[in-house]
Amino acid sequence: MKIKFGFEGASWNQSKKDWTEAKFKLICAVLKDAAASPKKYEYYLFRWFGARDHPAVGAMLGSLSKYVNEKCSRMTFVSANEKYYGAVFGNIVSTRPEANELGGVHKQLPHGFFETKDDYRKKDGYLKVGSGMRVYLGKTYFKAKKYERVNTLFHELTHRVVMTVDAVVAGKKMYGKKNCMTLSDANTLLAIENADNWGYFMADAIYKMPKGS
């Protein structure tokens with residue numbers, strides 16, 4: 001399915017629009033490839049999730065790929081006059097507007113709830129996500145390096161589609177490369193649940209994976 005892109009807010013110029021659209025399309029392509037051929041990405045899967053072939057990662061890659069490549073019809077990116085990277089409202093996990101520091105999606109909860117995330121994923125819960133999505137991006141996002149911007153875009157997508165969370169360990173949110181790598185080494189299951197680990201997986205796949213591999 002071809003996604004239509006929309007941009008709202010004062011921070012967008014044509015260059016920023018073109019970059020964001022191109023990178024989101026690349027995210028879609030990487031997801032399709034990774035879902036079909038995860039072995040090609042095993043180095044990065046191990047780096048960010050502590051496992052090369054965990055079944056939960058495979059299932060989540062499949063759901064993410066199906067959503068962006070088959071169901072999603074519109075992505076609207078809104079520049080927010082806030083200091084954060086972005087914000088998510090109304091995802092499956094939480095309706096709290098303060099949920100994320102690194103970006104997010106504002107949308108009403110879909111019809112139907114699931115008792116657990118496992119239940120949600122087993123029943124193709126991504127199908128409950130609307131075909132249109134609005135992603136709000138703050139001032140810090142526009143000042144960030146390209147690698148971190150890709151992280152943010154994918155981080156937020158995983159919140160909405162596969163119910164990732166912003167993991168907290170000892171009262172500290174697991175944001176940033178150092179925390180995410182520590183989490184990957186120490187706790188595979190929590191790393192798989194943490195949105196920023198997914199964000200860095202995608203950023204690595206786009207910026208560090210050898211071309212043609």
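Helices are DSSP runs of H or I with at least four residues, strands are DSSP runs of E with at least two, and both are numbered from the N terminus. The model here is predicted, so local features need pLDDT of at least 70, side-chain atom pairs count only at pLDDT 80 or more, and totals for chains, interfaces and linings use all residues. Residues are numbered from 1 along each chain as its sequence is written, and side-chain values use heavy atoms, with hydrogens and water left out.

**Exercise 1. Get your bearings in the chain.**

Find how many helices and strands the chain has, and what share of its residues is buried.

Step 1. Sort residues by relative accessible area: buried is under 20%, exposed is over 50%, and partly exposed is in between, using a 1.4 Å probe and protein chains only. Of the 213 residues in the chain, 51% come out buried.

Step 2. Now look at contacts, meaning heavy atoms within 4.5 Å. Take those with a separation of 6 or more: 74% of them join residues 24 or more positions apart.

**Exercise 2. Work out how α2 and α7 cross.**

Describe the angle between helix α2 and helix α7, and say which residues meet there.

Step 1. Locate the pair: α2 covers residues 42-49 and α7 covers residues 177-186.

Step 2. Under 35 degrees is roughly parallel, over 145 roughly antiparallel, 65 to 115 roughly perpendicular, and the rest oblique. So α2 and α7 are roughly perpendicular to each other.

Step 3. List who meets whom: α2 brings F46, R47, W48 and F49, while α7 brings K177, C180, M181 and S184. By type, the residues of this contact split into 5 nonpolar, 1 polar and 2 charged. Here Ala, Val, Leu, Ile, Met, Phe, Trp, Tyr, Cys and Pro count as nonpolar, Asp, Glu, Lys and Arg as charged, and the others, Gly among them, as polar.

**Exercise 3. Find the buried face of each helix.**

Which residues of α2 are buried, and which of α7?

Step 1. In α2, pick out Y44, L45, R47, W48 and F49 as buried. They sit on the same side of α2 because they cover an arc of only 165° around the axis. That arc is taken from the directions from the helix axis to the C-beta atoms.

Step 2. See what lies over them: the cover includes α3 (55-71), α6 (146-162), α7, α8 (188-193) and α9 (195-207).

Step 3. In α7, the buried ones are N179, C180, L183 and S184. Seen down the axis, the buried residues of α7 fall within an arc of 135°, so they line one face of the helix. K178, D185 and A186 are exposed on the other side of α7.

Step 4. Check the cover of the buried residues in α7: α2, β6, β7, α8 and α9 are included.

**Exercise 4. Look into the core.**

Which members of the largest nonpolar core touch the most other members?

Step 1. The largest core has 51 residues, and F24, L31, Y67, M75, F77 and L157 touch the most other members.

Step 2. Zoom in on M75: leaving out residues up to four places away in sequence, it touches I3, K4, F5, G6, F24, M133 and V135.

Key
Axes are lines fitted to C-alpha atoms, for helices over the stretch in contact, and angles run from 0 to 180 degrees between N-to-C directions. A nonpolar core is a set of buried Ala, Val, Leu, Ile, Met, Phe, Trp, Tyr and Cys residues joined through side-chain atoms within 4.5 Å.
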